[in-house]
Amino acid sequence: MLQNDQNKSWTILQRFLKDIVERHLSLIDLMQQIEMACSKLVLIDVLANLLIICFSCYYASVLPLFDSKAFQAYFEVVVVSLSQFSMSYFGTQLSVASQSIADTCYELDFIGTDIRFQKGLLIVMRRSVKPLYITVGGFSMLSITVFVMIMKNSYSFLMVLRSTNNLA
């Protein structure tokens with residue numbers, strides 16, 4: 001009777017584990033497809049946003065402070081910055097969520113379960129150690145750090161433009 005209950009328990013756990021593995025594998029596959037399709041587009045978007053922020057700030061800086069064209073340029077900077085921030089934020093959230101898979105498996109109450117289930121959880125945990133993420137052209141992970149880099153580089157380019165304008 002006890003052996004029969006353990007077999008039923010293992011059958012339920014096996015289905016549960018199989019579902020976890022299938023979902024995790026489909027998530028990995030989906031992320032690889034998204035990476036292949038979007039990585040270069042994200043790079044183009046990041047570079048375009050960097051240039052838009054830089055040139056819009058420069059344009060606004062050469063206009064009178066309360067000019068309507070200056071407000072338009074400020075608005076462009078804010079909108080492009082928010083767009084880039086949202087992409088970077090959700091890129092970071094994707095990475096954090098993928099890393100939480102291993103934590104979630106670890107937090108399961110697996111003590112006393114079938115040893116095969118515990119080994120299966122260990123495999124899932126090992127596979128989810130490497131976070132899933134979208135890269136910027138294959139160079140860097142899309143994250144808040146990329147957003148900060150864009151803002152910093154935009155400001156640096158703006159200062160270079162301003163200094164060349166003052167020299168001319």
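User: How many salt bridges does the count come to?

Analyst: In this predicted model, the count comes to one salt bridge. The partners are R23 and D19.

User: What makes the contact between R23 and D19 a salt bridge?

Analyst: The closest N and O atoms of R23 and D19 are 3.2 Å apart. The criterion asks for a side-chain nitrogen of Lys or Arg within 4 Å of a carboxyl oxygen of Asp or Glu, so the R23 and D19 pair qualifies. Side chains of opposite charge can pair when their charged atoms come close.

User: Where do R23 and D19 lie?

Analyst: Both residues belong to helix α1, where they are four residues apart, about one turn of the helix.

User: Why is R23 called exposed, and why is D19 called partly exposed?

Analyst: R23 has a relative accessible area of 57%, and exposed means over 50%; therefore R23 is exposed. D19 has a relative accessible area of 34%, which falls between the 20% limit for buried and the 50% limit for exposed, so D19 is partly exposed.

User: Why does F66 count as exposed, and where does it lie?

Analyst: The relative accessibility of F66 is 68%. Since exposed means over 50%, F66 counts as exposed. F66 lies in the loop between α1 (2–62) and α2 (68–107). F66 also belongs to a nonpolar patch on the surface together with L65, F71 and Y74, and these residues have about 470 Å² of accessible area together.

User: How do you know that α2 is roughly antiparallel to α3?

Analyst: The axes of α2 and helix α3 (residues 115–127) come within 8 Å and cross at roughly 160 degrees. Angles over 145 degrees count as roughly antiparallel, so α2 is roughly antiparallel to α3. The crossing of α2 past α3 is left-handed.

User: Why are L161 and A48 called partly exposed?

Analyst: L161, in helix α4 (residues 144–167), has a relative accessible area of 24%. For A48, in helix α1, the relative accessible area is 31%.

User: Which separations are given for L161 and F55, and for A48 and V80?

Analyst: L161 and F55 are 106 residues apart in sequence and 8.7 Å apart in space, C-alpha to C-alpha. A48 and V80 are 32 residues apart in sequence, with a C-alpha to C-alpha separation of 9.5 Å in space.

How values were computed:
Residues are numbered from 1 along each chain as its sequence is written. This is a predicted model: local features need pLDDT of at least 70, side-chain atom pairs count only at pLDDT 80 or more; totals for chains, interfaces and linings use all residues. Side-chain values use heavy atoms; hydrogens and water are left out. Patches are made of residues with over 30% relative accessible area and no salt bridge: like charges are joined within 9 Å, nonpolar side chains (Val, Leu, Ile, Met, Phe, Trp, Tyr) within 5 Å. Accessible areas come from the Shrake-Rupley method with a 1.4 Å probe; for residues, only the protein chains shown count as cover. Helices (H or I, at least four residues) and strands (E, at least two) are DSSP runs, numbered from the N terminus. Buried means under 20% relative accessible area, exposed over 50%, partly exposed in between (1.4 Å probe, protein chains only). Axes are lines fitted to C-alpha atoms, for helices over the stretch in contact, and angles run from 0 to 180 degrees between N-to-C directions. Angles under 35 degrees count as roughly parallel, over 145 as roughly antiparallel, 65 to 115 as roughly perpendicular and the rest as oblique. A crossing is left-handed if the near helix is turned anticlockwise from the far one by less than a right angle, and right-handed if clockwise.
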